[in-house]
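Please look at the sequence and the model first.

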Amino acid sequence: MKEKFDLGGKIALVTGCDTGLGQGMAYGLAQAGCDIAGVNIVEPTETKDMIEGLGRKFLDIRANLMKMDDIPDIVSKTVAEYGRIDILVNNAGIIRREDAIEFSEENWDDVMNINIKSVFFLSQAVAKQFIEQGDGGKIVNIASMLSFQGGIRVPSYTASKSAVMGVTRLLANEWAKHNVNVNAIAPGYMATNNTQALREDPVRSAEILSRIPADRWGLPSDVAGPVVFLCSEASSYINGYTIAVDGGWLAR
């Protein structure tokens, strides 16, 4: 059974891995045997050091996923360095908070471009590479609890993460015949940059924690195991599914 979770020799392309959940997933994949290509808008120094400290390789790719122009280079640079791609983790994302009655077009477009448009077109580009290689691949998208719920003051985030879950199903339907598994992880309330303001608000933080059965904020390490599972042979018959990693939030 251990062999089914072994990712030795695999190449994983992970977006937004300089901090937070992306860093946790990239590190987990490296622990399982992957070499990593990390796509970030800033230098991911800490992540690079963590992964190279395991004896794995890390390719630093800079790109702005708010526009689609960089996507061909992301794929070509990864293939030029490693010769192939086996895994794509679409983690990069942003959130903008504003009452729906006042929500701006800029806040709508910026979030939608990164959170769903780039997810689709990077998945498309990597899937073409998978099909050319001829032996399949794994795509893991990062959804959210707000793929299932409405939330408040984050209309574009809710829309984008609902779309991530739907597109995950659509891509799984079309690409499973090519031995490409497309699934998603829906993190709950995690201790990351995106939730810093919430965690620093004692009233709001207490309200959130009171509903989480696990009675704590999630950590980047909490998504490492699920992403390794979805990228491994152990999940070869899972297609189009979104796994909640939320401490039990959605069960309440």
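What follows describes salt bridges and the surroundings of one glutamine in a predicted model.

## Salt bridges overall

The predicted model contains ten salt bridges. Among them are the pairs E52 with K48, R62 with D60 and D110 with R96. R84, D86 and D135 are also joined, in a network of salt bridges.

## A pair within helix α3

Which residue does E52 meet in a salt bridge? The partner is K48, with an N to O distance of 3.0 Å between the side chains. Both residues belong to helix α3, which covers residues 45-52. Their spacing of four residues corresponds to about one turn of the helix.

## R62 and D60

The side chains of R62 and D60 form a salt bridge with an N to O distance of 2.8 Å. R62 is partly exposed, at 41% relative accessibility. D60 is partly exposed as well, with a relative accessible area of 29%.

## D110 and R96

In the salt bridge between D110 and R96, the closest N and O atoms lie 3.1 Å apart.

Is D110 buried or exposed? D110 counts as buried because its relative accessibility is 13%, and the cut-off for buried is under 20%. R96, at 24% relative accessibility, counts as partly exposed.

## Q133 and its contacts

Q133 is located in helix α5. Leaving aside residues up to four places away in sequence, Q133 touches R84 and I85. R84 is also a member of the salt-bridge network with D86 and D135. With I85, a polar atom of the Q133 side chain lies 2.8 Å from the backbone oxygen.

The Q133 side chain also makes a polar contact with the side chain of Q129, at 2.8 Å. Q133 and G83 are 50 residues apart in sequence, and their C-alpha atoms are 10.0 Å apart in space.

How values were computed: Residues are numbered from 1 along each chain as its sequence is written. This is a predicted model: local features need pLDDT of at least 70, side-chain atom pairs count only at pLDDT 80 or more; totals for chains, interfaces and linings use all residues. Side-chain values use heavy atoms; hydrogens and water are left out. A salt bridge is a side-chain nitrogen of Lys or Arg within 4 Å of a carboxyl oxygen of Asp or Glu. Helices (H or I, at least four residues) and strands (E, at least two) are DSSP runs, numbered from the N terminus. Buried means under 20% relative accessible area, exposed over 50%, partly exposed in between (1.4 Å probe, protein chains only). Contact means heavy atoms within 4.5 Å. A polar contact is a pair of N or O atoms within 3.5 Å; within protein, one must be able to donate a hydrogen and the other to accept it, and residues adjacent in sequence count only if both atoms are side-chain atoms.
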